[in-house]
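Hi there,

Here is the model I promised to pass on. Please have a look at it first, and then read my notes below.

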Amino acid sequence: MAMRRAVPLVMILGVCHIGWAQSPTYGVGRTPTAEEIRAWDISIGPAGKELPPGRGTSKEGAQLFRSKGCAGCHGVNGSGGLAPILIGSKDTPTAPGPPPGKTVAMEMGIMPPGLMANNAPHAQVMWDYINRGMPIGKEGTLTANEVYSLTAFLLFKNNLIREDEVMDAQSLPKVKMPNREFAPPPEWKHGTPQLQGYP
Amino acid sequence: MESKKPNRRGFLKDGAALAGLAAGARSASGQTVADLRAKGTSKELIAYGERSRFVTSVRKPTAGRDSPDAFGLAFHVLSPLQDSVGIITPSSLHYVATHRGSFIPDIDPREHRLMIHGMVDRPLIFTVEELKRLPYVSRIHFLECIGNRARPEHKTVQESHGLTSCAEWTGVPLSLLLKEAGVQSGASWIVAEGAEEIKGASSIPLAKALDDCLVCYGMNGEPVRPQQGFPLRLIVPGFEGIYQTKYLRRIKVVDQFYWTYNDYGHLRKDPKEAALGQQIGPKSVITFPSGEQKLSGPGFYQITGLAWSGGGAVRKVEISIDGGRTWKDAELRSPAYPMAHTRFALNWRWDGKECMLLSRCIDELGTAQPSRAEAAKYWNKPLTKDYNVPGADNTIQLWKVAADGSVTNGNA
């Protein structure tokens with residue numbers, strides 16, 4: 001086991017100091033085409049550089065919220081359904097506290113409490129969540145325009161953008177989200193406790 | 001005795017048939033050699049063995065909730081740790097936890113692909129067969145869901161700790177694949193993504209990806225089970241369960257934490273709390289005697305259980321039979337592999353008096369498993385029975401043995 005440990009350390013140093021310009025050792029696998037990478041790559045980073053072409057507005061999103069079945073689970077007004085609350089009101093907690101909308105994930109302390117529009121550190125987080133995970137049972141069927149529209153609808157209803165603002169690859173990353181204060185993910189190092197000094 | 005009858009009848013019938021077989025004749029029950037051969041190809045006899053019908057240990061859904069839930073989405077199935085022996089969880093009894101995957105994708109492995117791209121010199125696509133051509137390793141690792149946490153209402157160790165299991169995982173080191181692709185300087189994270197309907201994805205530190213992560217196609221000597229990510233699962237040893245990306249289809253090398261689908265669940269304002277949602281701390285639990293088991297009377301027993309740590313190998317397990325006033329070193333009864341369940345035991349003569357049993361794990365980093373009181377004190381919170389420890393809960397579990405030998409949750 002000690003041998004196994006030693007190897008990765010060398011490799012990490014390799015990344016830091018010399019990079020990995022070597023040629024492949026095994027030559028197994030093939031090179032994907034640019035089109036394959038484009039089609040598969042649905043990751044949207046904080047900078048939003050992978051956001052696809054397309055556009056949408058809150059008004060379009062409001063219609064989609066009903067026609068795509070969102071209201072059935074999240075409530076007609078974005079609350080009161082079985083699924084998490086999406087549109088806050090004066091009664092919705094904005095600070096960490098009991099979660100609005102009960103899901104097992106939230107009950108188990110896995111999901112952060114609160115409204116996604118209040119908690120997501122970037123608007124792209126909402127875009128990505130809708131794009132991957134909604135609607136339930138028809139995941140991956142929304143067009144980019146529809147995802148922009150639904151995101152715009154939730155941003156507008158939570159007072160984060162104006163009703164007539166167009167959301168697209170340029171405007172979405174510029175939306176000022178209320179929660180910019182999130183913990184940086186921990187730096188991981190081999191052979192280090194998960195949190196020094198705990199308990 | 002009633003339950004034995006069918007078996008005895010079956011034996012007599014088969015015996016008669018075999019006697020007939022030896023004589024080359026038709027048996028009294030009318031079975032021919034062809035009949036027996038047909039029976040011989042049945043699943044349980046030859047093709048895929050079954051356990052004894054007297055062994056009834058099974059998984060069960062998380063207490064008080066349906067799995068799948070009302071949406072058919074959240075699905076948490078607990079492993080029966082109270083019946084476990086050794087350190088390997090049979091694949092059929094391995095815990096399952098998912099929020100968006102009780103519908104298991106029916107993936108044809110011949111159609112499945114793994115793409116590695118992003119900040120690499122040579123993006124690559126592999127078939128499962130191509131991955132199997134590459135040098136592989138087998139390692140024993142535990143997995144644990146962050147939902148595995150102490151609650152006073154838990155009655156059994158299955159309920160309190162059943163969201164952890166341990167298996168032998170076989171696959172290609174991710175470091176090898178990343179080296180083939182050529183990671184570019186400036187890269188610091190990877191995003192691992194599954195092929196299921198929501199394409200669940202997590203950000204993982206590049207340092208971890210290059211250290212010990214495995215792209216696995218094997219689990220306990222056979223292909224990874226569908227509930228566990230068939231045909232490919234990324235194993236991130238020692239990290240919380242959600243990072244162990246099932247149905248792995250894509251790895252993107254990036255230069256920052258990506259706040260992708262599963263990452264949102266790790267959103268915390270306190271960096272200390274965020275840190276406890278990644279690598280699992282040292283943890284242990286006594287599996288015998290544990291909740292709802294019963295000691296038949298005073299005398300000799302083995303206190304036994306499982307210990308594990310996301311930080312490395314288990315170095316030591318201590319057991320207290322007096323509620324934590326005094327501690328004895330348990331024996332490690334299995335190899336102590338890094339990031340693996342480790343079996344411990346202590347020979348014990350029960351005097352028939354009420355007592356409180358608990359275990360404490362110390363890992364190779366010297367980190368000790370905290371008590372609930374220590375955790376509450378760290379977070380400056382009052383210790384109540386309902387106190388929910390932030391991040392992964394690795395606190396000490398207590399089991400109370402009553403004078404009549406019955407065992408209950410000592411945290412209740």
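**Domains of chain B**

In chain B, the C-alpha centres of domain 2 and domain 3 lie 29 Å apart. This is a predicted model, in which local features need pLDDT of at least 70, side-chain atom pairs count only at pLDDT 80 or more, and totals for chains, interfaces and linings use all residues. Residues are numbered from 1 along each chain as its sequence is written, while chains are lettered from A and ligands numbered from 1 in the order in which they are written.

The domain assignment of chain B gives domain 1 (2-47), domain 2 (96-267) and domain 3 (283-409); such bounds come from an automatic or database domain assignment. Where domain 2 of chain B meets domain 3 of chain B, the contact takes 19 residues from domain 2 and 22 residues from domain 3. Two residues count as in contact if their C-beta atoms, placed from the backbone, lie within 7 Å. On the domain 2 side, strand E6 (137-144) and helix H5 (157-161) of chain B each supply at least two residues. Helices (H or I, at least four residues) and strands (E, at least two) are DSSP runs, numbered from the N terminus. That side of domain 2 divides into 9 nonpolar, 7 polar and 3 charged residues. For these classes, Ala, Val, Leu, Ile, Met, Phe, Trp, Tyr, Cys and Pro count as nonpolar, Asp, Glu, Lys and Arg as charged, and the others, Gly among them, as polar.

**Where the chains meet**

Between the two chains, the contact takes 72 residues from chain B and 59 residues from chain A. Helix H8 (residues 271-275) of chain B gives the most to the chain B side, with 5 residues. By class, the side of chain B that touches chain A has 33 nonpolar, 18 polar and 21 charged residues. The predictor gives the complex an ipTM of 0.83 and a pTM of 0.88.

**Helix packing in chain A**

Two helix pairs here share H8(A). The axes of helix H7 (residues 123-133) of chain A and helix H8 (residues 144-157) of chain A come within 9 Å and cross at roughly 130°. Axes are lines fitted to C-alpha atoms, for helices over the stretch in contact, and angles run from 0 to 180 degrees between N-to-C directions. H7(A) and H8(A) are therefore oblique to each other; angles under 35 degrees count as roughly parallel, over 145 as roughly antiparallel, 65 to 115 as roughly perpendicular and the rest as oblique. Ala123(A), Met126(A), Trp127(A), Ile130(A) and Asn131(A) in H7(A) face Val147(A), Leu150(A), Thr151(A), Leu154(A) and Leu155(A) in H8(A) across the contact. This contact has 8 nonpolar, 2 polar and no charged residues.

In the second pair, the axes of helix H3 (residues 58-67) of chain A and H8(A) come within 7 Å and cross at roughly 100°, and H3(A) and H8(A) are therefore roughly perpendicular to each other. Among the residues in this contact are Leu64(A) and Phe65(A) of H3(A), together with Leu150(A) and Phe153(A) of H8(A). By class, the contact of H3(A) with H8(A) has 7 nonpolar, 3 polar and 2 charged residues.

**Backbone details in chain B**

The peptide bond from Phe230(B) to Pro231(B) is cis, with omega near 5°, and Pro231(B) lies in the loop between strand E11 (222-223) and strand E12 (233-235) of chain B. Another cis peptide bond joins Phe288(B) and Pro289(B), with omega about -5°. Pro289(B) lies in the loop between strand E14 (283-288) and strand E15 (299-308) of chain B. Glu292(B) is also found in the loop between E14 and E15, and its phi is near 75°, a positive value in a residue other than glycine.

**Confidence**

The mean pLDDT (the predictor's confidence in each residue, from 0 to 100) of chain B is 90, and 87% of its residues reach 70 or more. Chain A averages 81, with 76% of the residues scoring at least 70. In chain A, pLDDT stays under 50 over residues 1-20 and over residues 94-110; in chain B, pLDDT stays under 50 over residues 1-23. Where pLDDT is low, the predicted coordinates should not be read in detail.

Best wishes
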